[in-house]
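Please find below a short note on this structure, arranged as numbered points. The points take up helix packing and then the sheet.

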Amino acid sequence: MESTMKEPPNKKIKIVNSDEVLVDRFCDPKKPQIVTFQDVSAAAYKIKGGIQKTPCLKSQMSSMFDMKIYFKKEFLQFTGSFKERGARYTLLMLTEEQKKAGVIAASAGNHALALSYHGQDLGVPVTVIMPVIAPLMKIQNCRKFGANVHVTGANLSESREQAMKMGQELGLLYINGYDHPHILAGQGTMGLEIVEQVPDLDACIIPVGGGGLIAGTALAIKNLRPHVTIIGVESEKCPSFSQAMKAGKPVFTATHSTLADGLAVPTVGVNAFATAKGLIDKMLIVQEENIALSILRLLELEKAVVEGAGATGLAAVVEGLVPELQGKKVVIAACGGNIDTTALGRVIERGLAVDGRLVRFVVTVSDRPGGIADLTKLMAGLGVSIKDIFHERAWIKSDIFSVQVKVVCETRDAEHSDELHQAIKAKYTHYTWGPGY
Ligand SMILES: Cc1ncc(COP(=O)(O)O)c(C=O)c1O
């Protein structure tokens, strides 16, 4: 099947400072391209064989949230994310000349990995510009997949500028990872698979960064199942698609450091927005702590390593933002699994704290022999495990025969933590419970 998308002519614009700023000719704000269902079908046909058809299975979490929850496990793609779908399709659609010359992209992670891997597989030279904040593991893996990697730019915008310039100098085609029309069509193939795997779904929850994934997926699902509710989710630290929906067009939205780094796109894609805006039923914004808790839930209950961006869909359920979906069949895109091991360790701790299973408190106990032992005995009696304990005398304001003890401990659950809280309250006069000391 042939693609219905047109290739726009090359274009450059001038702005102040006489710096030449290049405009990506495939993503022109003045002429957004709306991708069609035919484009998604063409992509599905073309990429078949080069991409995993990932499982979409019912989750144990269904009973926890009174919903029939299915996870579309895109973190099982070879490079750990759905980005491979769009990357492979875009590479396959290049002209022979473009294939020979190669492509260039700016990305801190998943798009770079996907393009590097499929570029190597299809014999297309790939150059990626990664910002200095890109995780080392992702930089190394792009090199491992044979890409020409340049680490430059304080953030993605700076890397992107570099990539556009270098692309123009070296004759490499620039590929926007969330807005090139072929990227959108490729990502849409996830939607086709979802409908095939869960034909009677009621809703689909999709994390949103630049908007490529939701645009393609919503297009596929709404065409085949118009009644299905499409819900987009962003982190509170980068709600750029929600802002675009309010403004009626992509607008710059400041982004802040987030666990969902893959979603931190300040201005969403023009084609993605034009394609998706009429297909999205609801956009939601979740708190960072619920993203951490969702990563933990996916690890413990789904045995799945999912990165922050990929866990954002579940976070909307965890946060209680979709009560209307109770009893419904809901597919959640678990769309990426590339999280650094060190970050994962920190996220687990944060998730345990949010879940009330990692607790800290400070309590004043007697400094006489046995004072601290009494405290630890009380905790041991309740089956609470101490992670850290620290005591100090010098700054304490009560009598000099007292000592202040700071404790971090692990409990079974929030109820168990409350049991400990009540026992401390009953035994000691001076104590502060929780994170606020
Ligand atoms: C794991 C993951 N999920 C979701 C997204 C969002 O995709 P899009 O930018 O197409 O909205 C990204 C983007 O990089 C991602 O890496």
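1. In this predicted model, helix 3 (residues 83-92) packs with helix 5 (residues 110-122) at an angle of about 45°, and their axes lie 8 Å apart. Helix 3 is therefore oblique to helix 5. The crossing in which helix 3 passes helix 5 is right-handed.

2. The contact between these two helices can be described by residue. Helix 3 contributes Lys 83, Glu 84, Ala 87, Arg 88, Leu 91 and Leu 92, which meet Asn 110, His 111, Ala 114, Leu 115, His 118, Gly 119 and Leu 122 of helix 5. By class, the residues of the contact of helix 3 with helix 5 comprise six nonpolar, four polar and three charged.

3. An open sheet is formed by four strands in the order 7-6-5-8, with parallel pairing. Strand 7 (148-151) and strand 8 (173-174) are the edge strands, each pairing on one side only.

4. Within the sheet, strand 5 (residues 103-106) and strand 6 (residues 126-130) run parallel and are joined by four bridges. Ala 106 has Ile 129 in strand 6 as its bridge partner.

5. Helix 5, already noted for its contact with helix 3, also packs on the sheet, where helix 5 touches strand 5 and strand 6. The direction of helix 5 makes about 165° with that of strand 6.

6. Helix 7 (residues 156-170) lies across strand 5, strand 6 and strand 8. Relative to strand 5, helix 7 runs at about 165°.

Definitions and conventions: Residues are numbered from 1 along each chain as its sequence is written. This is a predicted model: local features need pLDDT of at least 70, side-chain atom pairs count only at pLDDT 80 or more; totals for chains, interfaces and linings use all residues. Axes are lines fitted to C-alpha atoms, for helices over the stretch in contact, and angles run from 0 to 180 degrees between N-to-C directions. Angles under 35 degrees count as roughly parallel, over 145 as roughly antiparallel, 65 to 115 as roughly perpendicular and the rest as oblique. A crossing is left-handed if the near helix is turned anticlockwise from the far one by less than a right angle, and right-handed if clockwise. Two residues are in contact if their C-beta atoms, placed from the backbone, lie within 7 Å. Ala, Val, Leu, Ile, Met, Phe, Trp, Tyr, Cys and Pro count as nonpolar, Asp, Glu, Lys and Arg as charged, and the others, Gly among them, as polar. Two strands pair if DSSP finds at least two bridges between them.
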